[in-house]
Amino acid sequence: MRSYRKAAAAAGALALGGTLFAFAGPAQAATTNATPVATVTPKTLPAPKGDGAKDICKRLPKTEQRIQNALNRLNGPNTEVGSVARLEQRVDNAKAAGHTAVYSYLNDRLTYRKSLVPTLTQRQNDLKDVATWCSSQGLGTSTAQ
């Protein structure tokens, strides 16, 4: 058991030393104007061969449900966490308390949250057209009506 611990400690020390040496290399290279040995090139992916229609049709019911859940939450009462009404209440409370910084922050969040409703409604309408197309192509069923 002891030899295992010694070997593990030695391996850890070597790894730490190698890491420190690796960090020292670029600093020295910068002072000597040496060119880097290895350059990192970004990984490129091949261009898409299609529009992903089959996968979109496959995920359509879950996407529709996710959008509907988000709209239900946004349009909920002020007791619903994440609703526009609840955030409006918090904005009003901050204004009444004279917390100007909090009021400004919450009001900006409210503006964004209100903008989500028409965006999600448009996506929901677009998905109805996609569901019709998917059905006509035989690529899946959906819950859109």
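Me: What's the mean pLDDT of the chain?
Reply: The mean is 82, and 70% of the residues reach 70 or more. Keep in mind that this is a predicted model.

Me: Where is confidence lowest, and where is it highest?
Reply: Helix 1, residues 2–32, is lowest, at a mean of 55. Helix 3 is highest, at 97.

Me: OK, the fold. How many helices and strands?
Reply: Four helices and zero strands. Along the sequence the pattern reads α-α-α-α.

Me: How much of the chain counts as buried?
Reply: 16% of the 145 residues.

Me: And what share of the contacts is between residues 24 or more positions apart?
Reply: They make up 52% of the contacts with a separation of 6 or more.

Me: Which residues of helix 4 are buried?
Reply: Leu-106, Leu-110, Arg-113, Val-117, Leu-120, Leu-127, Ala-131 and Cys-134. Note the arginine in that set, Arg-113.

Me: What covers them?
Reply: The cover includes helix 2 and helix 3.

Me: What follows helix 4?
Reply: Gly-138, with a positive phi near 70°.

Me: Switching to helix 2. Where does it bend?
Reply: At Leu-60, by about 55°. A proline, Pro-61, follows within four residues. Helix 2 covers residues 53–74.

Me: Which of its residues are buried?
Reply: Ala-53, Cys-57, Leu-60, Glu-64, Ile-67, Ala-70, Leu-71 and Leu-74.

Me: Why does Ala-53 count as buried?
Reply: Because its relative accessibility is 15%, and the cut-off for buried is under 20%.

Me: How far is Ala-53 from Trp-133?
Reply: Their C-alpha atoms are separated by 9.7 Å. Along the chain the two are 80 residues apart.

Me: Now the core. How many residues does the largest nonpolar one have?
Reply: 15. Those with the most contacts inside it are Ile-67, Leu-71, Leu-74, Leu-106, Leu-110 and Leu-120.

Me: Which elements give two or more residues to this core?
Reply: Helix 2, helix 3 and helix 4. Helix 4 gives the largest share, six residues.

Me: Take Ile-67. What is it in contact with, leaving aside neighbours within four places in sequence?
Reply: Ile-67 is in contact with Leu-120, Arg-123, Gln-124 and Leu-127. Of these, Leu-120 and Leu-127 are among the buried residues of helix 4.

Me: Last topic. How many salt bridges?
Reply: One. Lys-114 pairs with Glu-88, and the closest N and O atoms are 3.4 Å apart.

Me: What does the pair tie together?
Reply: Lys-114 lies in helix 4 and Glu-88 in helix 3, so the bridge links parts that are 26 residues apart in sequence.

Me: How does Lys-114 count by relative accessibility?
Reply: Lys-114 is at 42%, so it counts as partly exposed.

Me: And Glu-88?
Reply: Glu-88 is at 31% relative accessibility, so it also counts as partly exposed.

Conventions:
Residues numbered from 1 in each chain as written. Predicted model: local features only at pLDDT ≥ 70, side-chain atom pairs only at ≥ 80, totals over all residues. Heavy atoms only, no water. Bend = angle between axes of the 7 residues up to and from the residue. Buried < 20%, exposed > 50% of the residue type's maximum accessible area, 1.4 Å probe, protein only. Contact = heavy atoms within 4.5 Å. pLDDT = per-residue confidence, 0-100. Salt bridge = Lys/Arg side-chain N within 4 Å of Asp/Glu carboxyl O. Core = buried A, V, L, I, M, F, W, Y, C linked by side-chain atoms within 4.5 Å.
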